[in-house]
Amino acid sequence: MINIGENKMNKKNIGIYIHIPFCKKKCEYCDFKSYVGKENLIDRYIKWVNHELKEVGEGNKIDYENNIDDLIIVKTIYIGGGTPSILPPKYISDILRTVKENYTIDNENLEVTIEVNPGTVDEEKLMEYKKCGVNRLSIGLQATQNRVLNVLGRIHTYNDFLVTYNSARKIGFDNINVDLMLGIPGQSLEDVQESVEKIIKLSPEHISTYSLIIEKGTPFYKKLEKNEINLPGEEIERKMYWLVKRKLEDAGYVHYEISNFAKRGYESKHNLACWNQEEYVGVGAAAHSYTNNVRYSNICEIEEYINNYENDMETNNFEFHEKQTKDSKMKEFMMLGLRKINGIKIQDFKNKFGENPIYLYRKELDKLVNENLLEIDGDVIKLTEKGLDLANLVWEEFV
Ligand SMILES: C[S@@+](CC[C@H](N)C(=O)[O-])C[C@H]1O[C@@H](n2cnc3c(N)ncnc32)[C@H](O)[C@@H]1O
Ligand code: SF4
């Protein structure tokens, strides 16, 4: 049992994130915690994930000593990875059963997302997901050109994606996200245009467009060092971003976060809660949590995660990161909130912290407004178009 803080609220909404760290093959760009060839650990891993879920549900993993009466209400569940869809579907239904048996759920509004990779699901699996309560799919496509998918090291073709997408529609999934990536080596502006146009024709409810980040330690990082890959360049990458934004907005999608677009009413509840600085609990190896003003994470290595549980050393599985002060919490609220295209409402900030951000951050805001990175419009502080391209300069002021 670890005591990570105090809270005097009586009722709180949370999101639950469950990490599934298995993949068929590692993509060239990916530094998310996931393993290839460790499928033999799946059964033991899921057993302890269910155990951890129960512990959290019973208030045993985290000691809510000072808020024992808190009623925790689960608003969203997000099963991410890795590739959750490579698991036999019975594990997904086990996980969701554990949540339902151990938590108070907001059944009317509950959003349950699973990340799905093309080439790892069939109709039967998708049907199982639907039966056990999954109501949102997030499909990682990245691009519609097989040439580009190949560069990324993806295991699937565009046609595999279409099979997955059409099966999901046939089975009745009516809330689907598609992930796209921009700035991929060898990707042209025309490729991006083709990808976005093809996806618009399919009409998913939600589209995420991530600009490629070359993460240290990934094959792309090493290849870039050796000049074995060429990135499109910042100017082209920005053109890609604005092309996607224009095309999606013309097609009726709402741009609601730097990298996210949705049909109205289909914004990701789970992610919006994170950007609104609401609480979430991460379960499984490498999962992050934010509760009672404390940020902490679970140990990264899957074997250690399992062994610690099996040898009664489970406290070793949790790594404390920080207990927020009011000052750090307010700054973080600015950073997270400004990711949203509608920005931050000054009144929301006042209600949450009892302070006026305009006075509190007068120096920072003056500078960012003068540089045309932020605009203040009545009750709203938000990124300008220039700020969308240079958001890092805005975050720097609130670190
Ligand atoms: C957590 S990943 C896992 C989802 C799933 N396994 C897949 O690959 O489709 C979610 C999304 O993050 C994006 N992503 C992962 N690594 C990235 C990177 N280095 N740069 C930009 N986007 C990245 C990809 O679009 C991916 O679909
Ligand atoms: S499938 Fe997804 S999680 Fe797995 S390596 Fe590729 S991007 Fe990363």
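## Helices α1 and α10

Helix α1 passes helix α10 in a left-handed crossing. This description is of a predicted model. Helix α1 covers residues 42-57 and helix α10 covers residues 302-310; their axes come within 10 Å and cross at roughly 60 degrees. An angle of that size makes α1 oblique to α10, because the term roughly parallel is kept for angles under 35 degrees and roughly perpendicular for 65 to 115.

Which residues make the contact between α1 and α10? From α1 come R44, Y45, W48 and H51. From α10 come I302, Y305, I306 and Y309. Sorted by class, this contact has six nonpolar residues, one polar residue and one charged residue.

## Helices α1 and α2

Helix α1 also packs with helix α2, which spans residues 89-102. Here the axes come within 9 Å and the crossing angle is roughly 15 degrees. The two helices are therefore roughly parallel to each other. The crossing of α1 and α2 is right-handed, whereas that of α1 and α10 is left-handed.

On the α1 side, the residues that meet α2 are I42, I46, V49, N50, L53, K54 and G57. On the α2 side they are Y91, D94, I95, T98, V99 and N102. The contact of α1 with α2 has seven nonpolar, four polar and two charged residues.

## Helices α6 and α8

Another helix pair is formed by α6, residues 189-202, and α8, residues 234-250. Their axes lie 10 Å apart, and the helices pack at an angle of about 20 degrees. It follows that α6 and α8 are roughly parallel to each other. Helix α6 passes α8 in a right-handed crossing.

Helix α6 contributes L189, V192, Q193, V196, E197 and I200 to this contact. Helix α8 contributes I236, K239, M240, L243, V244, K247 and L248. Of the residues in the contact, nine are nonpolar, one is polar and three are charged.

## Two backbone details

Where is S203 found in the chain? S203 is in the loop between α6 and strand β9, which covers residues 206-211. S203 has a positive phi of about 65 degrees, although this residue is not a glycine.

A second detail concerns a peptide bond. G81 and G82 are joined by a cis peptide bond, with omega about 25 degrees. G82 is found in the loop between β4 and α2.

## The surroundings of ligand 2

Both G81 and G82 belong to the set of residues that surround ligand 2. By class, the shell around ligand 2 has four nonpolar residues, six polar residues and one charged residue.

## The surroundings of ligand 1

How many residues surround ligand 1? There are 17, and the closest are Y29, G140, D179, Y210 and I213.

Several strands take part in the shell around ligand 1. At least two residues each are supplied by β4 (71-81), β7 (136-142) and β8 (176-182). The classes in this shell are seven nonpolar, seven polar and three charged residues.

## The two domains

The chain is divided into domain 1, residues 11-275, and domain 2, residues 327-396. Taken over C-alpha atoms, the centres of the two domains are separated by 28 Å. Six residues of domain 1 and eight residues of domain 2 take part in the contact.

Strand β10, residues 254-257, gives the largest share of the side of domain 1 that touches domain 2, with three residues. By class, this side of domain 1 has three nonpolar, one polar and two charged residues.

Key
Residues numbered from 1 in each chain as written. Chains lettered and ligands numbered in written order. Predicted model: local features only at pLDDT ≥ 70, side-chain atom pairs only at ≥ 80, totals over all residues. Domains from an automatic or database assignment. Contact = placed C-beta atoms within 7 Å. Helix = DSSP H or I, 4+ residues; strand = E, 2+ residues; numbered from the N terminus. Nonpolar A, V, L, I, M, F, W, Y, C, P; charged D, E, K, R; others polar. Near = placed C-beta within 6 Å. Axes fitted to C-alpha atoms, helices over the stretch in contact; angles between N-to-C directions. Parallel < 35°, antiparallel > 145°, perpendicular 65-115°, else oblique. Left-handed = near helix turned anticlockwise from the far one by under 90°.
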